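Open the model in your viewer and switch to a cartoon view. The tour below tells you what to select at each stop and what is there.

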Amino acid sequence: MGISIILDDVWKIFISDRVSIEALRGISLEIPHDRNFVSIVGPSGSGKTTLLSLIAGLFRPTRGSIKVGDYILTEMSNSQLLDFRRKHIGFVFQNFLLIPYMNVLDNLTYPASMINSCSGDECTKKAVNILIDLGIGDKASRMPGELSGGEKQRVAIARALMKDPSIILADEPTGELDHKTASNIIKIFKKLSMRGIKVILATHDELIVRESDMIIYLLDGKVRKITYQ
Ligand SMILES: Nc1ncnc2c1ncn2[C@@H]1O[C@H](COP(=O)(O)OP(=O)(O)OP(=O)(O)O)[C@@H](O)[C@H]1O
Ligand SMILES: [Mg+2]
């Protein structure tokens with residue numbers, strides 16, 4: 001059975017140059033255990049990235065509670081939060097954040113071995129299988145700078161998969177890709193969601209929205225509406 005995510009009156013207020021910015025203003029919602037392909041949509045500045053980061057435990061809300069499966073993130077210490085993130089969350093950042101001086105294979109095995117999710121040959125075998133699964137098995141020895149945008153995106157997804165995450169969160173995963181590459185990436189996320197991984201995507205992409213089984217619409221830091229399909 002999948003995991004559910006529950007947010008109760010979540011606020012995030014950033015202080016920047018002594019000005020406070022209310023990025024999220026009282027978000028309450030539940031992503032049920034059986035909704036595994038979720039989009040967060042809304043205009044620029046509506047709070048999508050902030051919401052995604054809070055669910056990932058990348059930072060804490062100013063107020064309110066966040067429960068992911070059995071974990072109440074807002075009651076956990078920093079080290080517990082770090083541990084939660086390492087074990088359960090695969091985050092695919094908007095700009096990929098690949099290590100430029102390591103080849104594709106090392107970009108996967110190095111972070112995984114750092115958090116002891118695998119070691120040595122076991123890591124290599126796992127990485128190669130994931131790369132093949134994502135259709136870039138032949139790119140293992142390439143450097144990130146030698147890859148196309150869609151290939152980099154797949155490497156970033158592959159890296160997130162190395163730790164067998166229960167949740168994958170991705171910020172605008174198709175933002176800079178052409179239509180064909182974007183639809184391939186969406187197919188990959190869809191396949192993962194059907195394997196039981198919870199996939200949550202912040203996006204402007206209508207193609208992703210169409211494939212989602214739950215769509216959270218944000219406006220000015222609040223939930224405007226939620227639809228299911
Ligand atoms: N670290 C930060 N410090 C100050 N303000 C921030 C910070 N991060 C986000 N904000 C502000 O919070 C609001 C929500 O930002 P967020 O990045 O979540 O929006 P978004 O919906 O992801 O937008 P986009 O579609 O442009 O990516 C914006 O007004 C933004 O300027
Ligand atoms: Mg954003």
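Start with helix H1, residues 48–55; this is a predicted model, and in it H1 lies across E1, E2 and strand E4 (63–68). Relative to E1, the helix runs at about 120 degrees.

In what order do its 4 strands come? The order is E2-E1-E4-E5, in an open sheet with antiparallel pairing. The edge strands are E2 (19–31) and E5 (71–72), each of which pairs on one side only. Strands of a sheet pair through backbone hydrogen bonds.

Now keep E1 (residues 5–16) and E2 in view. These two strands pair in the antiparallel sense over 10 bridges. Select Ser16 and look for its bridge partner in E2, which is Val19.

Show the side chains of Phe14, Val19 and Ile21. Together they form a nonpolar patch on the surface, with about 240 Å² of accessible area. Ile21 belongs to strand E2. Why is Ile21 called partly exposed? Its relative accessible area is 41%, and the term covers values that are neither under 20% (buried) nor over 50% (exposed).

For the last stop, move to residues 214–219, strand E9, and residues 222–228, strand E10. The two run antiparallel and are joined by 6 bridges. Select Ile215 and you will find Thr227 of E10 opposite. Finally, go to the hairpin of E9 and E10, where 2 residues stand between the strands. Asp220 takes a positive phi there, near 50 degrees.

Notes
Residues are numbered from 1 along each chain as its sequence is written. Chains are lettered from A and ligands numbered from 1 in the order in which they are written. This is a predicted model: local features need pLDDT of at least 70, side-chain atom pairs count only at pLDDT 80 or more; totals for chains, interfaces and linings use all residues. Side-chain values use heavy atoms; hydrogens and water are left out. Two strands pair if DSSP finds at least two bridges between them. Contact means heavy atoms within 4.5 Å. Axes are lines fitted to C-alpha atoms, for helices over the stretch in contact, and angles run from 0 to 180 degrees between N-to-C directions. Patches are made of residues with over 30% relative accessible area and no salt bridge: like charges are joined within 9 Å, nonpolar side chains (Val, Leu, Ile, Met, Phe, Trp, Tyr) within 5 Å. Accessible areas come from the Shrake-Rupley method with a 1.4 Å probe; for residues, only the protein chains shown count as cover. A salt bridge is a side-chain nitrogen of Lys or Arg within 4 Å of a carboxyl oxygen of Asp or Glu. Buried means under 20% relative accessible area, exposed over 50%, partly exposed in between (1.4 Å probe, protein chains only).
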